[in-house]
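Reader: I have a model open on my screen and would like to learn how to read it. Could you walk me through some features?

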Amino acid sequence: MNLLAQLEASNGATLDKLRSGEVDTQMLLLQLLTTSCLLEITKLMSARVDVATFAPAALEILTQFAPVDSCSIRIQADDVPTARAVVGAFPDALDAELFESSIAGAMVTSIAAKASMLTAGDAPVGYLAATNLADAIANSDLIEKMAEQISVGLNAVLEAERTRRKLAASRALEIVSHIDEQYGIGDLEQFVQALAALPNAIGARLRLQNARFGGPLNAKSGVMGDGPSSSHSVEIERRVTMSVELFWSNETRADDLAPFTNAVDSLGAALGRVERNLRLTDEVETDELTGVGNRRRALRVLSSARAWAEREERCFSVLMFDLDYFKKVNDTLGHGVGDQVLQRFAAMLSTSIREYDSAARWGGEEFLVVCPDTDQYQAESLALRLLALVGESCAPVLPEGWNQTASIGIASYPMHGENPTTVVNAADEALYQSKDDGRNRATVARLGANARVVAGRSR
């Protein structure tokens with residue numbers, strides 16, 4: 001006899017008794033309350049929600065129909081993360097006691113709670129319990145019947161969850177197959193969501209360092225737990241690295257790790273292929289003389305830096321450099337020496353900034369450094385450090401006693417401009433302030449009447 005038939009028979013008998021005056025109102029209300037809960041549980045089962053959604057939904061049904069202030073449900077089965085939901089102040093110690101006894105197949109009787117075992121097939125998988133119940137509810141079979149009805153459909157819910165999680169690895173590989181030069185944070189978020197749905201996984205986190213995005217990309221899904229976790233890192237290309245961390249519901253097995261590492265390695269290979277293709281673009285965006293980016297690359301990096309700053313609600317800074325008296329180098333020592341000075345200066349910039357900062361030749365003897373996730377104070381500190389390296393880096397190609405210096409203008413987004421163009425213009429104005437104030441110094445763009453100026457060290 002199915003549930004609906006059972007309820008029809010039970011309610012029919014109750015109505016007969018009610019007509020004959022053999023049933024009191026309280027008993028009738030309890031009967032109707034139990035019937036309503038069981039019907040809602042049946043609807044929930046037919047919805048085929050995942051286990052993590054099912055647990056709190058079951059408690060919501062219980063508290064919706066019954067005056068229950070504190071209740072708990074816990075479900076644990078192979079290849080599925082533990083699902084726990086709590087309403088009210090359900091004691092952790094009581095949860096542990098009930099869960100251990102239910103999994104052992106010998107549900108304890110507690111004076112603190114009305115509890116009943118949950119099963120899937122013939123296997124115990126957890127419990128349903130409530131505390132501080134009114135006498136009428138505590139003396140009824142509401143909790144037992146709810147647990148029984150949950151158990152009827154729980155095996156199907158768990159099997160659907162296992163199937164979904166087994167397919168998660170295929171989903172991750174499918175996402176990887178569509179990775180191309182236009183990939184972005186959305187693609188990585190979908191990949192991380194697939195990883196978080198692997199068997200026994202509860203959460204995943206991915207971090208990608210790539211200068212072309214204007215800063216580190218972070219994608220998360222699920223719960224970043226304190227329990228077992230696995231990490232896998234991939235070096236994709238020079239200055240492009242990826243690390244992925246997966247969080248587990250319990251200790252991992254070899255067959256849990258294989259789909260994870262395989263998916264991450266596949267993503268790394270796909271991103272490597274993309275980066276190799278992008279090298280062709282880099283060649284077009286590289287200054288032939290100095291080897292750093294040209295203005296075209298600088299504009300692209302600025303756009304990426306702004307997009308990253310908006311997405312992460314952070315900032316970025318730019319440093320505009322001009323080599324002091326560079327015309328004198330060309331006129332006195334020749335353009336060959338001038339070219340060597342530009343090359344040495346550009347090499348110093350490239351080796352003295354972070355892996356996701358970007359240096360570019362803006363034009364002539366002007367260079368631009370774009371620094372994601374950097375405020376004006378951090379940019380100022382970097383500018384002073386670079387100023388101190390200018391003379392030393394250029395000295396090998398200059399006559400003894402000839403000290404090359406540079407002037408720098410500093411501006412930050414969004415403090416000094418609402419878009420890359422206005423930020424660069426602010427840095428350019430600050431650069432000319434440095435030159436007017438004597439060169440070999442860095443100036444922070446004006447916010448109002450006053451600019452903050454810091455002098456470089458002379459050699």
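Author: Helices (H or I, at least four residues) and strands (E, at least two) are DSSP runs, numbered from the N terminus. This is a predicted model, in which local features need pLDDT of at least 70, side-chain atom pairs count only at pLDDT 80 or more, and totals for chains, interfaces and linings use all residues. Residues are numbered from 1 along each chain as its sequence is written, and side-chain values use heavy atoms, with hydrogens and water left out.

Reader: What span does H12 reach from its first C-alpha to its last?

Author: The expected span of a helix is 1.5 Å times one less than its number of residues. H12 (residues 376-394) has 19 residues and reaches 27 Å, close to the 27 Å expected.

Reader: Which residue caps the N-terminal end of H12?

Author: Asp375 does, with a side-chain oxygen 3.1 Å from the backbone nitrogen of Tyr377.

Reader: Now the sheet. In what order do its 4 strands run?

Author: Two strands pair if DSSP finds at least two bridges between them. Here the open sheet has the order S2-S1-S4-S3, with antiparallel pairing. Its edge strands, S2 (80-87) and S3 (113-120), each pair on one side only. S3 and S4 (residues 123-131) share 8 bridges, and Ser116 stands opposite Leu128 in S4.

Reader: Where is Asn132, and is this residue buried or exposed?

Author: Asn132 lies in the loop between S4 and helix H5 (135-138). Its phi is near 55°, a positive value in a residue other than glycine. Asn132 counts as exposed because its relative accessibility is 64%.

Reader: What about Asn200: buried or exposed?

Author: Asn200 counts as buried, at 3% relative accessibility. This residue is in the loop between helix H7 (185-196) and strand S5 (201-210), and has a positive phi of about 75°.

Reader: Which residues does a cis peptide bond join?

Author: Tyr413 and Pro414, with omega about 0°. Pro414 sits in the loop between strand S12 (406-413) and helix H13 (420-436).

Note on methods:
Buried means under 20% relative accessible area, exposed over 50%, partly exposed in between (1.4 Å probe, protein chains only). A polar contact is a pair of N or O atoms within 3.5 Å; within protein, one must be able to donate a hydrogen and the other to accept it, and residues adjacent in sequence count only if both atoms are side-chain atoms.
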